[in-house]
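This report goes through selected local features of one protein model, from its aromatic contacts to its surface patches. Please keep the sequence and the structure open while reading.

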Amino acid sequence: MNLDSFLNMQITDGVTIGDVLTVDFLASVLGNVVSAVVILLLGFIIGGWAARRVRKLGERHPKLDVMLFNFLGSILRYAILAITVIFVLNRFGLETTSLVAAMGAAGLAIGLALQGTLSNVAAGVMIILFRPIKVGDFVEIADEMGTVKDVSLNYTELASLSNTQVIIPNAQVWGNTIENYSVYPTRRAEWTFGVSYDADLKLAETTILDTIMADPRAKSDPEPFIQVNNLGDSSVDFLVRVWVDASDNFGFQTDMKRKVKEALDAAGIEIPYPYRTVVMAGGEAPAEA
């Protein structure tokens with residue numbers, strides 16, 4: 001095969017190797033490649049800039065939900081990148097209509113194969129839009145308790161009480177009961193204190209309530225509640241409820257257990273142990289346990 005025959009060999013209909021090797025053709029290809037690279041770079045730059053602007057808008061105003069604007073920023077970035085890819089394909093003369101149809105069919109197949117993942121994404125969208133939780137909230141979800149660190153499209157991240165990372169798929173978050181301890185500014189602390197049947201109930205009530213209300217974290221409005229709630233086998237049980245700031249609730253409840261115990265001891269009020277009388281076989285003297 002001589003050079004002329006090689007150059008006249010057709011690659012596609014009407015296009016020969018000689019046509020491809022011409023300066024004009026190579027220049028047009030190089031120009032398309034450079035244009036495609038420039039369009040891609042601009043797409044990435046504009047997409048990143050637009051996403052950052054949307055996220056900063058949520059950070060600038062404290063009343064706006066940061067998670068929602070992070071989500072909207074990501075959606076905007078991916079949309080700009082998708083448009084950029086379409087421009088690049090058009091630059092090379094590719095028919096994008098058939099490509100979009102093929103991508104739709106491929107997307108359907110992928111969606112069927114990734115139903116679990118897509119359910120997490122759908123749940124993530126619902127969480128971000130309806131905002132039952134937000135970053136910084138202290139919550140209990142699916143028997144896991146901790147502070148919300150992040151809500152992405154696939155999972156929710158918590159920091160547990162021992163500061164370990166807990167990852168919960170969004171489908172479980174959206175499909176479970178969410179107990180959010182951070183929504184309301186105040187909470188009601190609750191205790192049950194038992195005293196002996198021989199104790200002066202009025203003195204016990206006054207001692208318990210005065211000890212709790214002496215703490216500056218206790219609120220007098222709404223009015224605290226204390227009442228005999230149960231007559232147990234060996235104790236009379238007081239139910240006590242006092243309102244506090246939500247951020248003080250856990251520490252306040254644990255502190256008061258010790259302080260009330262010490263106050264009852266100082267007042268000479270017995271906190272009884274469970275006991276029973278055991279009669280031994282053979283006429284032996286009864287023993288208390």
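## Aromatic contacts

Rings of Phe, Tyr and Trp, the last represented by its six-membered ring, are taken as a pair if their centres lie within 6.5 Å, and planes under 30 degrees apart count as stacked, over 60 as edge-to-face and the rest as tilted. The model examined here is predicted, and the structure holds six aromatic pairs. In one of these, the ring centres of Phe138 and Tyr181 are 5.6 Å apart and the planes stand at 50°, so the pair is classed as tilted. Phe138 belongs to strand β3 (residues 138–141), whereas Tyr181 sits in the loop between β7 (178–180) and β8 (186–195), so the pair ties together parts that are 43 residues apart in sequence.

Are the two partners buried or exposed? Phe138 counts as buried because its relative accessibility is 14%, and Tyr181, with a relative accessible area of 14%, is buried as well. Together with Phe250, the residues Phe138 and Tyr181 form one aromatic cluster.

Ile208 is part of helix α8 (residues 201–213), and with a relative accessibility of 0% Ile208 counts as buried. Although Ile208 and Leu264 are 56 residues apart in sequence, they are 7.4 Å apart in space, from C-alpha to C-alpha.

## Backbone features

Most residues other than glycine have a negative phi, and most peptide bonds are trans. Against that background, which peptide bond is cis? The bond from Asp221 to Pro222 is cis, with omega near 5°, and Pro222 is placed in the loop between α8 and β9 (225–231).

Ala142, in the loop between β3 and β4 (144–151), has a phi near 50°, which is a positive value in a residue other than glycine; with a relative accessible area of 28%, Ala142 is partly exposed. Asn163, which is found in the loop between β5 (155–160) and β6 (165–169), has a positive phi of about 60° although it is not a glycine, and its relative accessible area of 63% makes Asn163 exposed.

## Salt bridges

How many salt bridges does a search of the whole structure find? The search finds eight. One of them joins Asp137 to Lys134, with the closest N and O atoms 3.5 Å apart. Asp137 counts as buried at 5% relative accessibility, while Lys134, at 41%, counts as partly exposed.

Helix α9 (residues 249–266) contains both Glu262 and Arg258, which are four residues apart and therefore separated by about one helical turn. Their side chains meet in a salt bridge with an N to O distance of 3.0 Å; Glu262 is partly exposed, with a relative accessible area of 43%, whereas Arg258 counts as exposed at 60% relative accessibility. Lys261 and Asp265 also both lie in helix α9, four residues apart, which is about one turn of the helix, and they form a salt bridge in which the closest N and O atoms are 2.4 Å apart. Lys261 counts as partly exposed at 39% relative accessibility, and Asp265 is likewise partly exposed, with a relative accessible area of 42%. Elsewhere in the list of charged contacts, Asp215, Arg217, Asp255 and Lys259 are linked in a network of salt bridges.

## Surface patches

Val33, Val37, Leu41 and Ile45 make a nonpolar surface patch of about 350 Å².

A positive surface patch is formed by Arg52, Arg53, Lys56 and Arg60. Arg60 lies in helix α3 (residues 23–60), and at 48% relative accessibility Arg60 counts as partly exposed.

Key
Residues numbered from 1 in each chain as written. Predicted model: local features only at pLDDT ≥ 70, side-chain atom pairs only at ≥ 80, totals over all residues. Heavy atoms only, no water. Patch = residues over 30% accessible without salt bridge, like charges linked within 9 Å, V, L, I, M, F, W, Y side chains within 5 Å. Areas by Shrake-Rupley, 256 points an atom, 1.4 Å probe, with all protein chains shown as cover. Salt bridge = Lys/Arg side-chain N within 4 Å of Asp/Glu carboxyl O. Lys, Arg positive; Asp, Glu negative; His and termini not counted. Charge placed at Lys NZ, Arg CZ, Asp CG, Glu CD. Helix = DSSP H or I, 4+ residues; strand = E, 2+ residues; numbered from the N terminus. Buried < 20%, exposed > 50% of the residue type's maximum accessible area, 1.4 Å probe, protein only.
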